[in-house]
Amino acid sequence: EAYGVSADGSVVVGWSYNAAGYERAFRWTVTGGMEDLGTLTGGTRSWAYGVSADGSVIVGTSTNAGGYHRAVRWTQLGIQNLGTASGGNSRAYGVSSDGLIVVGGTDAYAFVWTRSSGIQTLPLPEGHTGGIAYSISANGSVIVGSVVRPPGPRGGGSALIPCKWVNGVPTILTEGIGEVYAVSADGSVTVGSITSTSGRSFAYRWTESGGLENLNQTYARLLGPDSRLDEARAVSPDGRFIVGWGFNENTWRTEAFLLDTLCVPHSGDVNRDGCVDDRDLLTVLFEFGERGIFNGVDANCDGVIDDADLLEVLFNFGSGC
């Protein structure tokens, strides 16, 4: 399984079974192929989950001689044990662009690691009892993951809640049950999965300006009635591309998805057939008042289908026909 890729796509990291049947972290390059990154002394298993922008630093987990999991960092010098908060298990999932800041989970708490301070657990929002960190912005100022909400007075069990730490200060993104898996380079776009009241998960995007968006609703016209996006697992550095997995009811199988969220302004050719005509006009009229549809109907890319889009079609009516 592949979990991380460098900025230019030349280095891929993940894990694979070796000949003895043990999971081993790997680095893959075009020239070197798949390389076993090894384990801590005495360990038998390892997994790689993240890689720095230039591909020189890889983070993940290795078992040690005692069978415990330890967050680790691989560099040209070899494997480095990042330790734990209190002697239990730890796992590293994300790394800053320069490879100097690592995030993950240790002893049921989210952590951040630096060379100078070692592993430090991240503060929790009031009333929460634990957490995990999955991803970090390029400069290390924004960390995303989840925190544990304990059972309420009426029971119901504990639950993971999406959380974002900005310069170490935690903020709950939504009280819905779910997780944040990735963040853009500047920390402005986070993606993950939320469980709805019906019990079904949906992929979401969270931004400061737009708040929490169900990607199935925002991009419904791209999906059609027979597909859904269940989990968003990663986002490109600029926040444009989102990848994850969902379900296709036509094939009745789980499938990976790549979502391009870019809206391109145009001059009224809604269906992109080269001619601004009745079909474009009717499409805008049928969708009038809708928000968050970026499949060509929103001609000026302002996030709402309104008079401006209708006028764009009318002013250019007959163009290209």
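Biologist: How do the residues lining the largest pocket divide into nonpolar, polar and charged?
Modeller: This is a predicted model. The largest pocket has 38 lining residues. They divide into 24 nonpolar, 13 polar and one charged.

Biologist: Which element gives the largest share of that lining?
Modeller: Several strands give two or more residues to the lining of the largest pocket, among them β1 (2-5), β5 (46-51), β9 (90-95) and β22 (241-248). The largest share is five residues. That share comes from β22.

Biologist: What is the volume of the largest pocket?
Modeller: The residues nearest the centre of the pocket are Tyr3, Gly4, Val5, Ala234 and Val235. The volume is about 1200 Å³.

Biologist: What geometry does the aromatic pair of tryptophan 15 and tyrosine 17 have?
Modeller: The structure holds six aromatic pairs. In the pair of tryptophan 15 and tyrosine 17, the centres are 5.2 Å apart. Planes over 60 degrees apart count as edge-to-face. Here the angle is 90°, and the pair is edge-to-face.

Biologist: Is tryptophan 15 buried or exposed?
Modeller: Buried means under 20% relative accessible area. Tryptophan 15 has 14%, so this residue counts as buried.

Biologist: And tyrosine 17, buried or exposed?
Modeller: The cut-off for exposed is over 50%. Tyrosine 17 has a relative accessible area of 52%, so this residue is exposed.

Biologist: Why is the pair of tyrosine 49 and tyrosine 93 called tilted?
Modeller: The ring centres lie 5.1 Å apart. Stacked needs planes under 30 degrees apart and edge-to-face needs over 60. The planes of tyrosine 49 and tyrosine 93 are at 45°, so the pair is tilted.

Biologist: How many residues apart in sequence are the parts that this pair ties together?
Modeller: Tyrosine 49 lies in strand β5 and tyrosine 93 in strand β9. The pair therefore ties together parts whose separation in sequence is 44 residues.

Biologist: Which residues do ring pairs link into a cluster?
Modeller: Tyrosine 93 is one of them, and its relative accessible area of 19% makes it buried. The cluster consists of Tyr3, Tyr49, Tyr93, Tyr134 and Tyr181.

Biologist: Over which ring does the charged end of arginine 233 sit?
Modeller: The charged end is 3.8 Å from the ring centre. The ring belongs to tyrosine 181.

Biologist: What is the phi of alanine 108?
Modeller: Most residues other than glycine have a negative phi. Alanine 108 lies in the loop between β10 (101-106) and β11 (109-114), and is exposed at 58% relative accessible area. Its phi is positive, near 75°.

Definitions and conventions. Residues are numbered from 1 along each chain as its sequence is written. This is a predicted model: local features need pLDDT of at least 70, side-chain atom pairs count only at pLDDT 80 or more; totals for chains, interfaces and linings use all residues. Side-chain values use heavy atoms; hydrogens and water are left out. On a 1 Å grid over the protein atoms alone, a cavity is a set of points where a 1.4 Å probe fits but cannot get out, and a pocket is an open set with protein on both sides within 12 Å along at least five of seven lines; lining residues have an atom within 4 Å of a point. Grid points are joined across faces, edges and corners, and a volume is the space filled by probe spheres set on the points. Helices (H or I, at least four residues) and strands (E, at least two) are DSSP runs, numbered from the N terminus. Ala, Val, Leu, Ile, Met, Phe, Trp, Tyr, Cys and Pro count as nonpolar, Asp, Glu, Lys and Arg as charged, and the others, Gly among them, as polar. Rings of Phe, Tyr and Trp (its six-membered ring) pair if their centres lie within 6.5 Å; planes under 30 degrees apart count as stacked, over 60 as edge-to-face and the rest as tilted. Buried means under 20% relative accessible area, exposed over 50%, partly exposed in between (1.4 Å probe, protein chains only). A charge sits over a ring if NZ of Lys or CZ of Arg is within 6 Å of the ring centre and within 35 degrees of the ring normal.
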